Amino acid sequence: MSGQGIAFIGDPDSSLGFRALGVSVENPCNAEEAVRAFRGAVAGGASVIMITEAMLDHLREEVERTATRPIPAVVVLPGITGSAGRGGDTIRRQITRAVGVDLMAEER
């Protein structure tokens, strides 16, 4: 992946719409390829990297490393099979780390 802009890392079915919009797309087959694609997007200057929840299983450490940086913004999306809710947890942790307070906590 190269160039500024948006990158998508996920399964081929989930990436079809993004590819049609001109988003840089990678469809890794294993954890090693997923890490290589993510690092390539970061090195290539992507400002937004979208990954599917399934890819998050392989990329959690990489996502955590970039969480303190303003760019890239990492967005976790449900895959073609639907959501397991892991994307919301990732965003919540990033917000809590950035502002020091869990803004999404339920009031009691």
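A crossover is right-handed if, with the strands pointing away from the viewer, the path from the first strand over the helix to the second runs clockwise. This is a predicted model: local features need pLDDT of at least 70, side-chain atom pairs count only at pLDDT 80 or more, and totals for chains, interfaces and linings use all residues. Residues are numbered from 1 along each chain as its sequence is written, and side-chain values use heavy atoms, with hydrogens and water left out.

**View 1. S3, H3 and S4 form a right-handed β-α-β unit.** Helices (H or I, at least four residues) and strands (E, at least two) are DSSP runs, numbered from the N terminus. Strand S3 spans 46-52, helix H3 spans 53-66 and strand S4 spans 73-77. H3 lies across S1, S3 and S4. The helix runs at about 145° to S3. Such angles run from 0 to 180 degrees between N-to-C directions, with axes as lines fitted to C-alpha atoms, for helices over the stretch in contact (heavy atoms within 4.5 Å). The unit belongs to a protein chain with four helices and four strands. Along the sequence, the chain reads β-α-β-α-β-α-β-α.

**View 2. Four strands make an open, parallel sheet.** Their order is S2-S1-S3-S4. Two strands pair if DSSP finds at least two bridges between them. Strands of a sheet pair through backbone hydrogen bonds, either parallel or antiparallel. S2 (24-26) and S4 sit at the edges, and each pairs on one side only. On average, neighbouring strands are turned by 20° against each other, direction ignored.

**View 3. Bridges link S3 to S1 and to S4.** Five bridges join S1 and S3 in the parallel sense. Here Ile-6 has Val-48 in S3 as its bridge partner. S3 and S4 also run parallel, joined by five bridges. Ile-51 stands opposite Val-76 in S4. S3 is mostly covered, with five of its seven residues buried (under 20% relative accessible area; exposed is over 50%, partly exposed in between; 1.4 Å probe, protein chains only). In the protein chain of 108 residues, 30% count as buried.

**View 4. Glu-26 lies in edge strand S2.** S1 and S2 pair in the parallel sense over three bridges. Ile-9 stands opposite Glu-26. Glu-26 is partly exposed, with a relative accessible area of 30%. Follow the chain 15 residues from Glu-26 to reach Ala-41. Their C-alpha atoms are separated by 9.5 Å.

**View 5. Phe-8 and Phe-18 stack.** A search of the whole structure finds one aromatic pair. The ring centres of Phe-8 and Phe-18 are 4.5 Å apart and their planes lie at 20°, so the pair is stacked. Rings of Phe, Tyr and Trp (its six-membered ring) pair if their centres lie within 6.5 Å; planes under 30 degrees apart count as stacked, over 60 as edge-to-face and the rest as tilted. Phe-8 lies in S1 (residues 5-9) and Phe-18 in helix H1 (residues 12-20), so the pair ties together parts 10 residues apart in sequence. Phe-8 is buried, with a relative accessible area of 1%. Phe-18 is partly exposed, at 22%.

**View 6. The largest nonpolar core holds 16 residues.** A nonpolar core is a set of buried Ala, Val, Leu, Ile, Met, Phe, Trp, Tyr and Cys residues joined through side-chain atoms within 4.5 Å. Ile-9, Phe-38, Ile-49, Ile-51, Met-55, Leu-59 and Val-63 touch the most other members. S1, helix H2 (31-43), S3, H3 and S4 each supply at least two core residues. H2 gives the most, with five.
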